[in-house]
Amino acid sequence: MATPLDRIRNFCIIAHIDHGKSTLADRFLQLTGAVDERNFQDQSLDTMELERERGITIKSVSVRLTYTADDGTEYVLNLIDTPGHVDFSYEVSRSMAACEGALLLVDAAQGVEAQTLANAYKAIEQDLEIIPVINKIDLPSADVDMARRQIEEVVGLDGDSAILASAKEGIGTQEIIEAIIGRVPPPKGNRDAPLKALIFDAVYDTYRGVVIHTRVKQGRMRKGMTIKMMSNGLQYDVNELGVFTPAIKPAESLETGEVGYVICSIKTLKATKIGDTITDVANPAPHPLPGYQEVNPLVFCGLYPAGETDYEELRDALERLQLNDGSFQYTPDSSDALGLGFRLGFLGLLHMEIIQERLEREFDLTLVTTIPNVGYRVLKSSGEEMIIENASQMPAPNEIERIEEPYIEAEIITPTAFLGAVCDLCKDKRGIHVRIDYIDNNRCMVFYQLPLAEVVMDFYDRLKTISRGYASLEYRLLDNRPGKLVRLDILLNGEPVDALSTIVHRDRAEQIGRTLASRLQRLIPRQQYEVAIQAAVGNKIIVRETVKAMRKNVTAKCYGGDITRKRKLLERQKEGKKRMKQVGRVEVPQEAFMALLQVDGDRDK
Amino acid sequence: MIGVYLHIPFCRLLCPYCDFVKRPYKGAAPDRFVDALVTEIERFEGPREACSVFFGGGTPSVLTREELERIFSALRQRFTVAPDAEIGFEANPDDITPEALAAWRELGINRLSVGVQSFDDGALTYLGRAHGAKAAHQACEWTAEAFSNWGMDLIFGAYPVESWGRTLAACRAHAPPHISTYGLSYEPKPPFAKRAREAVDDDVYIAQYEAAHTAFENHLHYEVSNFALPGYESQHNLLYWRNAEYAGFGPGAYSFLDGIRSRNLSRFRDYERDPGGKSEALKLTPSEIRVETVIQHLRLREGLEKRVYVERFGRSLEADYGEAIRGLVQRGLLEDEDGCMRPTLKGFEQNSEIGLALLG
């Protein structure tokens, strides 16, 4: 029997990393008996190994909780978990669109962070009922008044309505659930109208194929029904649907207001678009739900097989990974220096790191990654317009009318002690100062407009370093802006190495070129001949370094016992040489391509 | 005829750069060790004829006369040592006295290597050696009086960098018939591994290496790290460099017999429980033996004659390695003189490049 609408509450949790979201979710599971004590594993909702390690949620999971309130009524509470990182802001907004309410979790010791704030604003835009929760009140450093003040002054919510909790100690859990029932409005919608269901997430299961996470906005979805994706018109039969308890539990139908899963023989996640609307083929809705967007990648890099890994292995791994992560794109690519590989597009820098790490870990691959870049819009003198995702595609300077690069607005929350350093960093990264808002005496919000390309390089690492880990960053895409952009080439003995080319701002070309060249100089071993490393813009050489010719390669002492050992060492050295990339006559170790990633982090010169 | 190597794994002070099997010496070598070494010699089942004997370490000079007598007695029981055989012995300056030198001569030792390493107190301190420059000079004087066939080991690449010039000059003054010069290396296991970034720049290394080459111009630079007056080359080490057969005794010692390269157990307790027991024994394939032989010969200035290769392996050097050798000649690492391939000075300095090319 369908749960009446007024007995359903759909909510999510907005929190900064480490502010206790997963712990609170665990308490809900325990309190509602969804997971029994015996099988309880901390942070049940963070399923991926990587998520547990990094303490963030990469893929969201939803869970249906059954709770009998103080008044004796049984309620269904759907907790919709949201991805925890700035790179996934569109997915966050779709998860929120599946809810009527949100818990705003604020760490009593640390206060409001940039990411929390950005997501809180998203929730406000979507008209969610927000319940502030001040967590970790058991900590000696907890400052509840400070947290209340920030909720009022920074987020703009009533600080007095905040619930005090310690998810770790189990304090306040029940009060939070009662508040969800009392304050979050029940879902609305006509159960007899044509079906409209929002896809807010999708995961790939090896045995079942794509499992869609959905919220029925109106009408009902039944097992056996033929459904249609409204963005692309693809039709499928519903093989199975049901709810997460959190274990998968099949049902006959999903009604308006309910949250659950649908399985219908979809083989690849690419076919499933987050934010899309599902409708009934037999009785279709005329218009989809609002807010759907095609998500385009923002950051690109080349990925090439290295070491024992070959091209086919990398291709297979990408194919398999894409089955369960549709968020990245890849196309075959080739480089003179690195051979056959792929060009990958990501939603952001963290997303890129996660994908690379998953490839290396889950598929045991060794990879060479090229310097990441953003997409540039190039207007040619011929009037032709192109988007460049790879520095090597850049036309000759005389063919270029204008190059535009994407800008973001960064919102950085930092202790005031590091304000100067944060502003210096932004300036160094070609930032345009917007404003500074003071949260309290100790913290402020810094707004800068920055070229995304500069943020992609190593902005986040440096921000964390200069602020001893305290500053937090949130950003949103603004627009494309023309810039004095040039391609910086690296030449080895006069030959350009395509995989090392980057697009940089003209004023920064020499500095970046110098760092790249000196780093390469240390990474390229001495060879038979002297190796000239040059950085060039167009035909102009701006930096030159030299790797002197090899003078010494000898084992001084070689006695009886060492003969076979020495031969084996030489054989290993030989293998190592084979794994180097041959650029003209120069042997370049693969680490050279990887170590170049953190260009600006190079402070040792 | 084989070479016999005896590994005496005791040192008064462990040098922080040394990568050989050794343990600190406390007063006297344990009887257990000498028992085990004697047992290993007695049990040995290989050839009887020895063309050379070499005591290496560790520090053979820590052994007492009585201990050495037991070992020599076992050796002469088990082996027929050729009358002209080289019987070499490594000694540390600390242990060298006129009395000790006389005793070693009486036992039949006819070649002495003095572990000088440096004549500079600063460098000796950097290297963590027990002796000072004064003791080194004294030891060399006494050794030169007692032995006509003697040599000293020196280490370059230590700090202070400029000490090397002083050490070379001091060495020349002692006029030893044999000198070994080893570049200091920071191997992964010894304590010096942690200091690997102190290693001198390649250019400094080569400058010091070439300074030795010049300083000892009256000697023949007959191997990558070795200089000798004619007739004073180390006969025992030449066996290694010509990839000939030898038997090693003592913990961690290697042997090469019948195409098998083997190594003794190196942990003391294991060795003493099972003297001559092997931790590894590798039957080399004919092609492995061939390439190791060529690589080793090309550490020697005498090089490798095509004729010698044909006689030993019944194959043509040209067919097996012609292309690699031509490349090396072109790179200036080898010279081809009347059918004999020999390394140039550059071929010494980049000797591993020769091996890499031959391994194709």
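Leaving aside neighbours within four places in sequence, which residues is Thr564(A) in contact with? The model here is a predicted one, in which local features need pLDDT of at least 70 and side-chain atom pairs count only at pLDDT 80 or more, while totals for chains, interfaces and linings use all residues. Residues are numbered from 1 along each chain as its sequence is written, chains are lettered from A and ligands numbered from 1 in the order in which they are written, and side-chain values use heavy atoms, with hydrogens and water left out.

Back to the opening question: Thr564(A) touches Arg261(B), Leu282(B), Leu284(B) and Glu292(B), where contact means heavy atoms within 4.5 Å. Thr564(A) sits in helix α12 (residues 562-579) of chain A; helices (H or I, at least four residues) and strands (E, at least two) are DSSP runs, numbered from the N terminus. With 5% relative accessibility, Thr564(A) counts as buried (under 20% relative accessible area, with exposed over 50% and partly exposed in between, using a 1.4 Å probe and protein chains only).

Now for some helix packing in chain B. Two packed helices are described by the angle between their axes and the distance between the axes. Helix α2 (residues 65-78) of chain B and helix α3 (residues 98-107) of chain B have axes that come within 11 Å and cross at roughly 15 degrees. That makes α2(B) roughly parallel to α3(B) (angles under 35 degrees count as roughly parallel, over 145 as roughly antiparallel, 65 to 115 as roughly perpendicular and the rest as oblique). From α2(B), Arg65(B), Leu68(B), Glu69(B), Phe72(B) and Arg76(B) meet Ala103(B), Trp104(B), Glu106(B) and Leu107(B) of α3(B).

Another pair is helix α12 (residues 317-330) of chain B with helix α14 (residues 351-358) of chain B, whose axes come within 9 Å and cross at roughly 150 degrees. α12(B) and α14(B) are therefore roughly antiparallel to each other. On the α12(B) side the contact is made by Tyr321(B), Ala324(B), Ile325(B) and Leu328(B), and on the α14(B) side by Glu353(B), Ile354(B), Ala357(B) and Leu358(B).

As for confidence, chain A has a mean pLDDT of 87, with 93% of its residues reaching 70 or more; pLDDT is the predictor's confidence in each residue, from 0 to 100. Within chain A, confidence is lowest in helix α2 (residues 49-54), at a mean of 48, and highest in strand β16 (residues 277-280), at 97. Over residues 54-60 of chain A pLDDT stays under 50, and the model has 35 contacts beyond four places in sequence for them.

Note on methods: Axes are lines fitted to C-alpha atoms, for helices over the stretch in contact, and angles run from 0 to 180 degrees between N-to-C directions.
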